[in-house]
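Visitor: I would like to go through this model with you, starting at its ligand and then moving to where the chains meet. Could you show it first?

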Amino acid sequence: MHAANKGFGKVLAVHIGVIAGFFILQFIVPPFHAAMLTRIMVLATYAIGYNILLGYTGLMSLGHAMFFATGLYAAGLSVIYYGLPPLEALLLAILLSAVMSAAMGAITLRTSGVFFLIVTMIFSQVFFLTTLYFNVITGGEEGLVLTRYLKPISLGLFSVELTDSAVKYNFALIIFAIAFLFSLWLTRSPVGRVLVAIRENEERAEMLGYNIYKYKLLAFTMSGTISGMAGAAYALAFAYIGSALASILYSINPLLWTLLGGAGTTIGPIIGTGLMIYIIDFTSGITTSYLIVVGVTLMLLVLAFPPGIVGAIRRRWLRWLP
Amino acid sequence: MASVDDVILETRALSKRFGGLEAVRSVDFRLERGELRAIIGPNGAGKTTFVSMISGRIRPSSGRIIFEGRDITKMKAHDRAGMGIVYTFQIINIFRNLSVYENVSLAVQRRLASGRAGIFRVDEEELHREVDAILKRIGLRDAAEQEAGSLPYGHQRLLDIGLALALNPKLLILDEPMQGLAINEIDEVMRMIRELHRERTILLIEHNMQVVLELAKKITVMDKGSIIAEGTPEEIEGNIEVQKVYLGL
Ligand SMILES: Nc1ncnc2c1ncn2[C@@H]1O[C@H](COP(=O)(O)OP(=O)(O)OP(=O)(O)O)[C@@H](O)[C@H]1O
Ligand SMILES: [Mg+2]
């Protein structure tokens, strides 16, 4: 058997282990940390989506807030204005994010390199400004709270409320697990291998006969759809939508989380997101200029570990990590 | 394809201008199925530019390219590769950070997965078998797990050719495959080219005259963007024009 299949038991065990770990943590940690972990799982889902494009295809976007916010608003607004139950709102949001990212990909992927960065950012800013412009509907900067519109999730015989923190936690866990396992599947699938080939040497991949544009569009759409799913989960779990979540900061965040944890690793985005969210929480308790602290920490980490934390670990010790 | 001489590739008045420079000037060229044709010519003659237009890497300024009776002038490079026109770069071009195995498997996968569903599923067993066969053929089976960029130069060249051959091309274009190789490696690559030629048409750009004379039955000479001579090795060796170009008279 070839090495690609040899270590898969181990790889799968690690990934299932991460999910199981999150599941068990809810029974161990105090409520404050459970709430932190809920947030981390939702935002890690966003980073996982982002990483498909940055880490596995080699395309750096500065406009993913657009997709995160597409999911966020699609879920939030459909709950508020159309009274959709949470899961239906989630599905609608995923669908709209897929359409939105496919359309945006079709346009932005005509550019490359720094132009791609700029074009994605510009579209995302347009989206952000649109959410502000229609503030009568979206609630603009202040945003809207979903709490009194959120219907229970019905699970056949019984139903659960998303306002319950344990439900929130496990809802976030399921969303996260879906994205996480999807990214693992992708790295081992024929598509994923071609995406890596494009990241490594686009010209050669094309001369092998791969339609680069088609594959990039597929990656862009998968990435945007998962980002949108994360946005929808955010709206539903935290019962809030607001245009700050569509701002450029939310395009930069997944980039930083992914780089810190390790672009092109399945686990990196989770470590990066978790670490950053705890660092921000910790430093904002001590100093008001926490963003500077965050920036400096990040620079040091990225300088010390250019491949990111998990990337460095993989390079040195665990070569079999996907 | 039932034509008398069975032309696999033809170019008509094919030209390429880079700004003011006419790198390829109105080239009419015909290649028969099963040929092993060499293209020779001094540096800057336009050889790479010419075959790059055939592979689709460079768009022509004017002229046509016909492959198996089909006008492919406007076709994208990846579609031409899918049709069987495969190009290996003058400068070694492999996935340096991926393993030798992964390199070859990317090429094999492309051939196995030519259907629509193929991008999500390939028969992993078959893939592995074919990759292994290619690795054996290029003699890199023991280096399968090695990072491609860490291979010795000659082995990188073999891998590069291996990628092309894994695609099972109808027309294989080799752009100076001997460049930078040691004598024994040249023999190795020559043996491989001969073996490949049994199944397919080959267009070989090469500076090493000894290699050209040994491999090709027909030689095309380019200079300053044009074809200045074409014929058997003996004819070319006796050609005054060619001697002028090569001796700089
Ligand atoms: N992308 C480009 N832009 C501008 N000029 C180019 C480009 N590619 C090639 N040229 C020029 O076109 C001419 C033909 O180049 P080409 O590479 O086709 O020659 P060649 O016959 O392959 O030479 P060599 O034997 O050195 O590989 C040269 O003068 C070269 O400088
Ligand atoms: Mg050349």
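**Ligand 1 and the chain contact**

Guide: An oxygen atom of ligand 1 is placed 2.8 Å from an N or O atom in the side chain of K47(B). This is a predicted model, in which local features need pLDDT of at least 70 and side-chain atom pairs count only at pLDDT 80 or more, while totals for chains, interfaces and linings use all residues. Residues are numbered from 1 along each chain as its sequence is written, chains are lettered from A and ligands numbered from 1 in the order in which they are written, and side-chain values use heavy atoms, with hydrogens and water left out.

Visitor: How far from an oxygen atom of ligand 1 does a polar side-chain atom of T48(B) lie?

Guide: The side chain of N43(B) also has an N or O atom 2.8 Å from an oxygen atom of ligand 1. For T48(B), the distance from a polar side-chain atom to a ligand oxygen is 2.7 Å.

Visitor: What percentage of the area that ligand 1 exposes when taken alone does the protein bury?

Guide: Accessible areas here come from the Shrake-Rupley method with a 1.4 Å probe, and for residues only the protein chains shown count as cover. Taken alone, ligand 1 exposes 640 Å², and the share of this that the protein buries is 62%.

Visitor: Which element gives the largest share of the shell around ligand 1?

Guide: There are 14 residues around the ligand, a residue being near when one of its heavy atoms lies within 4 Å. Helices (H or I, at least four residues) and strands (E, at least two) are DSSP runs, numbered from the N terminus. Strand 2 (21-32) and helix 1 (47-55) of chain B each give two or more residues to this shell. The largest share, three residues, comes from helix 1 of chain B.

Visitor: What area is buried between chain B and chain A?

Guide: The contact (heavy atoms within 4.5 Å) takes 30 residues from chain B and 22 residues from chain A. Buried area is the accessible area (1.4 Å probe) that two parts lose on being put together, summed over both. With carbon and sulfur atoms giving 60% of it, the area buried between these chains is about 2,500 Å².

Visitor: How many salt bridges does the rule find across the interface of chain B and chain A?

Guide: A salt bridge is a side-chain nitrogen of Lys or Arg within 4 Å of a carboxyl oxygen of Asp or Glu. One such pair is R57(B) with E203(A), at 3.0 Å from N to O, and E124(B) forms another with R193(A), the closest N and O atoms being 3.2 Å apart. The latter pair runs from helix 4 of chain B to helix 9 (residues 190-200) of chain A. Across this interface, the number of salt bridges found is three.

Terms used:
Polar contact = N/O pair within 3.5 Å; in protein donor to acceptor, adjacent residues only side chain to side chain.
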